[in-house]
Amino acid sequence: MGYTLNFTAVWRNFDFLLSGLALSLGLAVVSIVIGALIGLVLAFALTSKNRIAVMPAQVYVTIIRNLPILVLVLFVFFALPQLGFRLDKVRSFVLVLSVYSGAYLAEVFRAGLLSIPKGLTEAGLSIGLTSMQIRGSIIAPLMLRNVLPSLSSTIISLFKDTSLAAAIAVPELTFAARKINVESFRVIETWLVTSALYVATCFLIAALMRFVERRLALPR
């Protein structure tokens with residue numbers, strides 16, 4: 001083969017990779033927080049008995065879950081400006097990932113809501129709590145505890161999806177790796193180190209989520 005590994009160019013630009021990784025994490029955190037709020041509202045709508053609330057939520061989830069996220073990224077960044085709605089590349093991607101994560105988290109939260117006994121709502125009403133108080137202080141905390149394992153997988157998946165921001169030149173980790181690769185021609189070395197950074201970060205996210213699960217686990 002005649003290919004000799006040489007990581008010099010990668011180590012020389014390692015700070016660029018780390019800044020890209022930091023931006024990837026930032027994109028993921030902001031998008032997941034916004035997406036969680038969207039998903040929570042959608043989950044309550046999906047489990048509602050009011051069809052006026054159910055139908056729009058179902059349409060939203062169905063459409064977004066069946067669209068490739070890359071198509072959404074390109075549509076928001078290139079097509080929306082034609083309609084007068086212009087965002088910079090970072091905000092465009094945050095909008096897309098928030099909308100996308102909202103649809104997936106809605107299904108995660110919906111499953112969690114359905115796992116909660118209906119008697120808790122009746123008990124809350126019997127002591128004078130309003131529906132909003134019951135949802136905020138009883139249902140939502142219990143639901144979040146129930147869905148933590150599924151939520152962990154979704155968060156890791158969404159973090160990996162930040163790599164698609166490279167398609168619109170957001171300088172996250174994949175974009176940084178591509179730039180180093182193009183400038184140094186060290187293909188194997190660049191993508192080996194980048195892959196290691198992704199794997200290590202996903203491992204740390206999983207470990208953090210397991211720690212949260214243990215902290216919130218109900219005593220037996």
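**Basis of the description**

A pocket is here an open set of grid points with protein on both sides within 12 Å along at least five of seven lines, and its lining residues have an atom within 4 Å of a point. The structure described is a predicted model.

**The second largest pocket**

The second largest pocket is lined by Leu-25, Ala-28, Val-29, Ile-32, Val-33, Ile-155, Phe-159, Ile-205, Leu-208 and Met-209. Its volume is about 190 Å³. In terms of residue class, the lining holds ten nonpolar residues, with no polar and no charged ones.

Three helices each supply at least two residues of this lining: α2 (14-46), α7 (131-161) and α9 (187-216). The largest share, five residues, comes from α2.

**Phe-159 and Ser-24**

Phe-159, one of the lining residues of the second largest pocket, is also among the residues with the most contacts inside the largest nonpolar core. Leaving aside residues up to four places away in sequence, Phe-159 touches Leu-21, Ser-24, Leu-25, Ala-28, Tyr-198, Thr-201, Cys-202 and Ile-205. Of these partners, Leu-25, Ala-28 and Ile-205 are also named in the pocket lining.

Ser-24 lies in helix α2. Is this serine buried or exposed? Ser-24 counts as buried because its relative accessible area is 0%, and the buried class covers values under 20%. Beyond residues up to four places away in sequence, the contacts of Ser-24 are with Phe-159, Thr-162, Glu-172 and Leu-173.

**Nonpolar cores**

The largest nonpolar core has 48 residues, and those with the most contacts inside it are Leu-17, Phe-93, Phe-109 and Phe-159. Two or more residues of this core come from each of α2, α4 (69-79), α5 (89-114), α7, α8 (173-184) and α9. Helix α5 gives the largest share, ten residues.

**Helix α9**

Helix α9 has 30 residues and reaches 44 Å from its first C-alpha to its last, close to the 44 Å expected at 1.5 Å a residue. Its buried residues are Glu-189, Thr-190, Val-193, Thr-194, Leu-197, Tyr-198, Thr-201, Cys-202, Ile-205, Ala-206 and Met-209. Among them, Tyr-198, Thr-201, Cys-202 and Ile-205 are contacts of Phe-159, while Ile-205 and Met-209 belong to the pocket lining.

Ser-195 is also placed in helix α9. With a relative accessible area of 40%, Ser-195 is partly exposed, a class that lies between the 20% limit for buried and the 50% limit for exposed. The C-alpha atoms of Ser-195 and Thr-174 are separated by 9.4 Å, although the two residues are 21 residues apart along the chain.

**Loop residues with positive phi**

Phe-185 lies in the loop between α8 and α9. Its phi is near 65°, again a positive value in a residue other than glycine. Phe-185 counts as exposed because its relative accessibility is 64%, and the exposed class begins over 50%.

Notes:
Residues numbered from 1 in each chain as written. Predicted model: local features only at pLDDT ≥ 70, side-chain atom pairs only at ≥ 80, totals over all residues. Heavy atoms only, no water. 1 Å grid on protein atoms, 1.4 Å probe; cavity = no way out; pocket = protein on both sides within 12 Å on 5 of 7 lines; lining within 4 Å. Points joined across faces, edges and corners; volume = space filled by probe spheres on them. Helix = DSSP H or I, 4+ residues; strand = E, 2+ residues; numbered from the N terminus. Nonpolar A, V, L, I, M, F, W, Y, C, P; charged D, E, K, R; others polar. Buried < 20%, exposed > 50% of the residue type's maximum accessible area, 1.4 Å probe, protein only. Contact = heavy atoms within 4.5 Å. Core = buried A, V, L, I, M, F, W, Y, C linked by side-chain atoms within 4.5 Å. Expected span 1.5 Å × (residues − 1).
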